[in-house]
Amino acid sequence: MKTYARKIISAVLVLLMLIQVVAVVPVQANPMTPMEKLNYAISEGSVSEIQEVLEGNLIETLPLGYSGLSIQEKEAIARLVATLPKGEAYSSEEQLEYTFNLAYQGMILISNTDLFAIQFQMDLVYNLLSQSKNYFTNDTTEMMYKSGVKYEEMSGVDRQLISHFIQMTLISFHGNQGSTELDNAFFQVIFGITGYPEINKAKGAELMLETLSFNQFFKGSIDEFINDNPESGAVAYPLDFDKLQSIHNDSERMTELANWLIGKMPQGGFASVEDIQKSFDQFFNPADPLRVINEARATKNTDAILGAITQPEWLDLPAGFDTLQPEEKKAIANVVMTFLPSDYTYNLKKQVQYAVEIGYKGIQTIKQTDKIIFQQHLNEFYSLFVESTEYFEYPGMEMFKELGQKYLNASNVDKELLAYTAKRLFQGSDLSIEQVYGASLMLVMNYSYINDAIDVSEMKKAMLMLYSFQQSTEMMEPFEPFLLKLNAMKDLVEDDTRMGKLAQWMLDRKPANGYSSISEVQTAFDRFFDQIIIITPTPTPSTGGGSAGSTPVTSTPAPTTKQEQIVVDVNGTNGTNLTKTPITRTTETNGTIKDLVKMTEAIAKESVEKAKQLNMNTARIVIPDSKDSVSETRIELPKAAVKELNDGSLKLEISTENVVISVPTNSIAGFDQDLYFRVVPLKKESERKEVEERAKKEQLIQQVAPNTNVRVLARPVEIDTNMQSREVTLTLPLRDSLPTDPAARQQALDNLAIYIEHSDGTKELIQGKLVQLADNSEGIEFTVTKFSTFTLVVVDGLKASQGTHQPYIQGFGTDFRPDAFVTRAQMAAMLARNLPTEAASSVDSVSYKDVSATHWATSEIQKAQSAGIMNGMSNTQFAPEGSITRAQMATIAYRWTQQQASATTVNGTAVSFTDVSADLWAAEAIAYVQSAGLMVGYNDGTFKPDSKLTRAEAVKVLNVLFNRTPLTGEVTPTFSDVPATHWAYANIEAAAQK
């Protein structure tokens, strides 16, 4: 039994042992792949395990140099392999191979301090960085990609310079055995170039200055480091910008340096650091430019010539030189090179200056697309030729002078024909810019002027030449008809006899002073081919003993409309010419002469550019009429031309013999359509008398000065335009109409006003100010927003009637506070002061709870309310300190005019405003005040009914309601904050003066 028991116990023990073994031996799972081991090691942050996996069979072939790396470098590679995916698990061998290769090449770069080795390794590393987006998509790889692309796009010069920065970074880290420092070095190297300012991409002065400052600072840092560590192996920086210190506080000089380097930079950037240093040094130590130019001419080096002529503070380069394209600047350098024969040299700076101006003016001429502006530039171009002998003494210059003089002495017709031909030939051919100069000389040299022809031979030559030009220019693309239609000559070219007859015909019909217009030449030419046929009837036998004679039958041509082109000046404020614009002067069959002036977009652009160069703010079109023969002048500007003026902040001024029209920039702003002005002077005495009679009977004038005498001064003028509801200043010439006696003259000025008859039926009587015109004569200047007939009138007793006015505004001590919002109490007071003392109305007086008996404006508020001009905000509230909106002002003005005896019915169509709906409570009042010219809208088509009114704005409207004209003459300002230069000065003084 015992033996059996022992057997049982032994079996149980064996079983327990088997159970224990089974419990401690795990079930075998699927083994991890090397990639999974790597991702697991990365997730655990185990650098040693990452190394173990990498050095196993995960990387098929480790780089040959890997085994020679230090333990710290291998650890750094492992950390970078873990770090660069930034949380992303490796999913492909390509990703791992890319990251490992980048980390390995990075370690090779970091381990170097030799500049050449660094430069070589940088190319490899940054090329890998530029591929990062192919493998990962996270913030780190995005930055790596940008850094790589920036390096790839860098010029060789900038790569060379940045390598010195990298060398300094690596020397600072070199020798530090901490592997984490290697990680930092890696990231500092690959991201360190992102903020580097590349010198070959510094296209603006500000960026170039930033680049120069960076290079100067970095050069100083390297110098200091080398001095402290002479054995470090650091290479001296190749650029020396220390001379910046001498001009560091001179911003103008610094900007000149920046622009100088930008100008010296070739189109593809500086090719070497030596070129940069040379250009930099030349700025501070310029070589003798005359010597450089003469030496460069011998070797045909236009780049050297360009460098010499753009040397700072040497030549006075044309204002627009810096805006030229590189090939245009090079063309000017080529002109300097070829202007003199090869055996002559430039001896004086002014000679080079002259050659540069010839080249620049030629470039400017060729670039013009508008024929008027082209002709203007061509005139200036040939004018320079005349000055050639003032600069050079060699015989060939006489030819230049003669050619220039030949062109300048030509008639306007010949100049117009030659300019048109030159424009088409220069711009429609394949000639290079340089070749155009030679062509311009040949053109004038061989040109036969039609008005200079004195015999048949010369006229024949001129006509054949023009026919040839027509044929050649009309074959060019795009097609453009020649100024003359000479196709009828086709059958005459080979017929010398008939050509002689045509030449004689053109000579016979040429006026003593030559043909005055293209149309006159065309008419003479056409009539040669459309001559009146003289019919001689065959005699018939007489049956009555008499004989029938041969009577020529002729016809008299019907009168025709004549047109001629006149070119007039567009001037700046001081009379300096900005450009020119054409006038088409049409003489109708009844003798009426009308002018049409068109300012094209190109002419407007030319005006803006020239005005900017000369620091002017006005483009003035001067329209001559010395014979006082023009009956109507129409001025047109297409929308694009208006935009050019607006973009250039240029005021437009149109000066005619009968009115000067000045359109300020704020009125041009937002005017998004073609603009026109039509000026018709009323020249006949009968027309003046009619206006005078209407003025005498006008109720508006009778109210100011009852039963007074009214007489017209100077000449009424009718002006029509599509620029409505925008301020325009007009000046009407007095034309010596004032008395010469000083006392009588002053009396006339005191009572002088402008009587305006608007086309919508409303009338105005306003006063302007006496001004001096450009020709030193006198005129009356005033501002309007509506256009009709304007007449200067002397209204006897006008000044005396104004003298009865009492001031209706009061300031705050010596201030008026023109820009403060006008309050409802102040408005009520100003209205009440202009109401009759006995003013009353059927409207019952209302007491307002917020207007106490002691309020300063209690009586004025009651008077304005009783008269029905102002109401409260409710039956109990007046809100005396509240503001007045534009809609409320319109309503007040509307009520005032409706209640006064001078109220005028407005028949015109009101302009609709985008923010005034038909059901707005003040819509009717707004429409009225706009059409009556009492208030205007804004340039964007709005009225802004809820905007608050300032005190100055309120006075301007109220003066019109109260028939108070802006004060003229010298007056000591009443308020210290309203000087004579304030826009509302004249209106505020009219309201403040007795």
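In this predicted model, the second largest pocket is lined by 43 residues, and those lying nearest its centre are Trp260, Gly263, Lys264, Met265 and Thr310. The volume of this pocket is about 1,500 Å³. By class, 21 of the lining residues are nonpolar, while eleven are polar and eleven are charged. Several helices contribute to the lining of the second largest pocket, and helix H11, helix H12, helix H14 and helix H15 each supply at least two of its residues. Their residue ranges are set out below.

| Helix | Residues | Supplied to the lining of the second largest pocket |
|---|---|---|
| H11 | 251-264 | at least two residues |
| H12 | 273-284 | at least two residues |
| H14 | 302-309 | at least two residues |
| H15 | 326-338 | at least two residues |

In soluble globular proteins, nonpolar side chains tend to be buried together.

Helix H4, by comparison, is described by its span and burial. Its 13 residues, 71-83, reach 18 Å from the first C-alpha to the last, close to the 18 Å expected at 1.5 Å a residue. The buried residues in H4 are Glu73, Lys74, Ala76, Ile77, Ala78, Arg79, Leu80 and Val81.

Methods:
Residues are numbered from 1 along each chain as its sequence is written. This is a predicted model: local features need pLDDT of at least 70, side-chain atom pairs count only at pLDDT 80 or more; totals for chains, interfaces and linings use all residues. Side-chain values use heavy atoms; hydrogens and water are left out. Helices (H or I, at least four residues) and strands (E, at least two) are DSSP runs, numbered from the N terminus. The expected span of a helix is 1.5 Å times one less than its number of residues. Buried means under 20% relative accessible area, exposed over 50%, partly exposed in between (1.4 Å probe, protein chains only). On a 1 Å grid over the protein atoms alone, a cavity is a set of points where a 1.4 Å probe fits but cannot get out, and a pocket is an open set with protein on both sides within 12 Å along at least five of seven lines; lining residues have an atom within 4 Å of a point. Grid points are joined across faces, edges and corners, and a volume is the space filled by probe spheres set on the points. Ala, Val, Leu, Ile, Met, Phe, Trp, Tyr, Cys and Pro count as nonpolar, Asp, Glu, Lys and Arg as charged, and the others, Gly among them, as polar.
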